[in-house]
Amino acid sequence: MDDERATTGRTRRRAKPLDRTRLEELAVAYVARFATSAGKLKAYLQRKLRERGFVEDEAPDLDALIGKFVERGYVDDESYGRAKAGDLAARGYGARRVEHALRAAGIGEELRHALEPGEHARRHAALVLARKRGFGPFERKPVAGGDEERKLREKRLAAMLRAGHDFDMARRVVEARSEKELEEWVAEAREDTG
């Protein structure tokens with residue numbers, strides 16, 4: 001079988017190179033389909049240009065095109081960042097993981113700093129992850145003491161750290177004796193900020 005043939009037996013046609021109109025159409029379709037940041041939109045358009053090429057002699061001004069989308073309100077880094085940060089925190093991810101996701105999306109440093117979760121949000125995210133994964137007082141099947149318990153505790157701490165929580169917070173959650181203790185710890189942070 002020929003390498004250029006798809007599994008259906010048809011040959012794949014190579015996509016036509018882009019022109020300015022088609023590039024803008026791709027950008028409109030992308031922002032209509034996905035909530036995105038200016039950085040993610042630029043990366044998408046650069047990838048399309050690499051894959052398909054550009055028919056005109058002068059390379060397109062992606063920054064100007066993206067600037068138009070920002071002016072029109074199609075792309076809003078702050079709204080995207082706020083939604084992304086809120087979603088990650090609601091799923092139990094910590095501040096470090098949120099910051100990494102926003103950086104990967106091309107959100108600027110100043111905005112990333114402004115969207116950084118507060119102490120209450122950080123503690124609440126840690127509590128969410130503990131509930132979801134069965135850590136600390138939410139343990140589904142208690143383990144007998146000794147070496148096995150220590151290894152399991154270390155694994156849970158590592159999981160909390162990978163999720164973006166700092167070590168002290170992870171240790172607090174994993175070593176908590178009761179659900180009420182953790183809920184009071186979260187409520188305490190709300191009182192301190194409120």
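With which residue does D63 form a salt bridge, and how far apart are the closest N and O atoms? In this predicted model, the partner of D63 is K42, and the closest N and O atoms are 2.9 Å apart. A salt bridge is taken here as a side-chain nitrogen of Lys or Arg within 4 Å of a carboxyl oxygen of Asp or Glu. D63 belongs to helix α3 (residues 62-72) and K42 to helix α2, so the pair ties together parts that are 21 residues apart in sequence. Helices are DSSP runs (H or I, at least four residues), numbered from the N terminus. K42 is partly exposed, its relative accessible area being 26%; buried denotes under 20% relative accessible area, exposed over 50%, and partly exposed the range in between (1.4 Å probe, protein chains only).

Residues are numbered from 1 along each chain as its sequence is written, and side-chain values use heavy atoms, with hydrogens and water left out. As the model is predicted, local features need pLDDT of at least 70 and side-chain atom pairs count only at pLDDT 80 or more, whereas totals for chains, interfaces and linings use all residues.

Across the whole structure, 23 salt bridges are found. Within helix α8 (residues 147-162), R150 and E154 are four residues apart, about one turn of the helix. These two residues form a salt bridge with closest N and O atoms 2.8 Å apart. R150 is partly exposed at 39%, and E154 is partly exposed at 40%. Both belong to a network of salt bridges that links D147, R150, K151 and E154. A further salt bridge joins R122 to E116, with 3.4 Å between the closest N and O atoms; R122 is partly exposed at 22% relative accessibility, and E116 is partly exposed at 41%.

The loop between α1 (20-33) and α2 (38-52) contains T36. T36 is buried, with a relative accessibility of 5%. Beyond its neighbours within four places in sequence, T36 is in contact (heavy atoms within 4.5 Å) with Y30, V31, L41, V75, D76 and Y80.

A nonpolar core is a set of buried Ala, Val, Leu, Ile, Met, Phe, Trp, Tyr and Cys residues joined through side-chain atoms within 4.5 Å. The largest such core has 18 residues, of which M160, V173, L182 and W185 touch the most other members. At least two residues of this core come from each of α7 (119-133), α8, α9 (167-175) and α10 (179-193). Apart from this core lies another, of 17 residues, including A27, Y30, L62 and L65.
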